[in-house]
Structure formats: structure tokens, C-alpha cells
Amino acid sequence: MYDFEGDKTGSAANPAGGGPHRALLLLEAPRLAGELVASHAIDLVAPRRPSGDGRPVLVIPGFHATDVMTGRLRSHLRRHDFRVHGWSQGANMGLTDPLIDGLVDRFEALRKQYDEPVSVVGWSFGGVLARWLAHSYPGDVRQVVCLGSPWRAEGERTRATAMFERSRRKHGLSDRARPMVGLLRGPVPVPCTAVFSKSDGIVPWRGCVVDLATTPPAENVVVPSSHVGMVANPLVLDVVVDRLCQDPEDWQEFSWRRALARKWVKP
């Protein structure tokens, strides 16, 4: 994210300059291609199991990404009978006033449209914004699922930090940015699932981990995935569907056995 921590997370803490090893970064594109192909292939043979009961979901893209990049994830959620929506703000250029206000307007419109709490799925920096929405609207967010989202201070410097700094110079930064980041770093007041990969090529996975001893529940789910492929990887999609099917009042800890059974075993 933005280098709010300055020298505290600089070269002394990260000799490589912040973020995962360069080899993992170079593998991002080919891994994404494989994850997309695998995801579409599995959907062709897996039985369709509508399980979302028409509940609303808002999906927020990562930094510099648009709704186009989350299309695979959203189509998969629609396949499971969720009423899923993109954020409709164009490219996510960070914490600018127009994008903050646009996100708030989008969320409030969906909440009013469905008259029930909305689940929020955020990819990368989009997950950081999802955490902020949960803090700002705790009674209106059903749950949060973060995909490779470096919300911790120790995850401040990533392979995308330079892009954030260039964007700040070009597009500006809201006066609300620092208070927002400070707020979202607190325990999320709704059920929160952090999905991350230890082979992520963009963000340091330790910056994505959530603390488990919290109420409402928080949990970590590790997947073998690229960073860009988090919105297409078939295992990540299984995790997201399984978590969005959970009842916040009767929360069940994530289980791969249950998640895969939901996908393949006849009811």
C-alpha cells in the first residue's frame, strides 16, 4: 500500500526492498493463465449447486484493477445463486476522494436495494477497502472475505508500493487516507476471512494474516495461488463460496472437506 510507515518498513526490514522474491513476481502471469484455464474447466464438469439464496455480494477489485479483472469470480458466484455486483468505479486508483465517495455511494445503494446486510469480497487492496467498509457500516456488512489483502503495517511495502506512490503523485491522496488505514487495521466488527498464498508474487503473505482470537470470528485460509489469480484460482473460488454460505449467527470454521463436499458430493 502507501508507504505510511516510511523507514520503519524500509530496507532494514526488507532487504529486497519490500515484497516477495522476484522469481515469484515473474511467475505471476503464467500462473494466472493456468488458474483461469483450470477454473473454467472445473466449472464445465462440476455440478451446479445454487447455495447463495440470492444474498447480495459486493466485489471490490485490487489496485489499478477494474471490474473486468474480477469477472471470473463474479460469474462463479452468480453460478451459485448470489446476487453479485462489481464496484462500478472504473480502475481502483487508491484512496482518492472520488473513489472513496463512489465506494460509499455504491455500497449504500446496494444496501438500500436489498434491504439486508451485504457481504463484501475484496481482492488485494480491495480487501483493505472491504475492511474499512465493515468498520464504517458494521450493521450493514454481513461478512468480509479478503483475497491477498496486506492490511497490516508489516505488509505496507509490497511489489506494488512504487505504483501506489506514483498514483499518489498523479491522482492525489484524500485527507481521509491515514485515518481510514488506521481504522481498518483494528479488529473487523463482522466475520472476516483472510485468504492468502505463501507463494504470492506481489504482497508479503504475513501482512495478510488476521488475528484469530477475536469476536466476531476471524480466520485464515492458505491457498496455493498467484496474487493476480486470486480472483480465478479454483481453490480460492471454492473458499469464497463456502464462506459466503456461512450463517454469521452460527459460524462454522472453514474446512476443506466441507468446502469440496459442497462442490462435488450430491446432497
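In this predicted model, helix H5 (residues 125-136) and helix H7 (residues 177-184) have axes that come within 9 Å and cross at roughly 80°. Angles of 65 to 115 degrees count as roughly perpendicular, and H5 and H7 are therefore roughly perpendicular to each other. On the H5 side, the contact is made by Val 128, Leu 129, Arg 131, Trp 132, His 135 and Ser 136, while H7 contributes Met 180, Leu 183 and Leu 184. By class, these residues divide into six nonpolar, two polar and one charged.

H5 also packs with another helix. The axes of helix H4 (residues 97-114) and H5 come within 12 Å, and the crossing angle is roughly 60°. H4 and H5 are therefore oblique to each other, and H4 passes H5 in a right-handed crossing. In H4, the residues that meet H5 are Ile 100, Leu 103, Val 104 and Phe 107; their counterparts in H5 are Leu 129, Trp 132 and Leu 133. The contact of H4 with H5 has seven nonpolar residues, with no polar and no charged ones.

H4 lies across strands S1 (56-60), S2, S3 and S4, and runs at about 170° to S1. The open sheet consists of six strands in the order S2-S1-S3-S4-S5-S6, with parallel pairing. Its edge strands, each pairing on one side only, are S2 (83-85) and S6 (218-222). On average, neighbouring strands of this sheet are turned by 20° against each other, direction ignored. Within the sheet, S3 (residues 118-123) and S4 (residues 141-147) pair in the parallel sense over five bridges. Trp 123 has Leu 147 in S4 as its bridge partner.

Methods. Residues numbered from 1 in each chain as written. Predicted model: local features only at pLDDT ≥ 70, side-chain atom pairs only at ≥ 80, totals over all residues. Heavy atoms only, no water. Axes fitted to C-alpha atoms, helices over the stretch in contact; angles between N-to-C directions. Helix = DSSP H or I, 4+ residues; strand = E, 2+ residues; numbered from the N terminus. Parallel < 35°, antiparallel > 145°, perpendicular 65-115°, else oblique. Left-handed = near helix turned anticlockwise from the far one by under 90°. Contact = heavy atoms within 4.5 Å. Nonpolar A, V, L, I, M, F, W, Y, C, P; charged D, E, K, R; others polar. Pairing = 2+ DSSP bridges.
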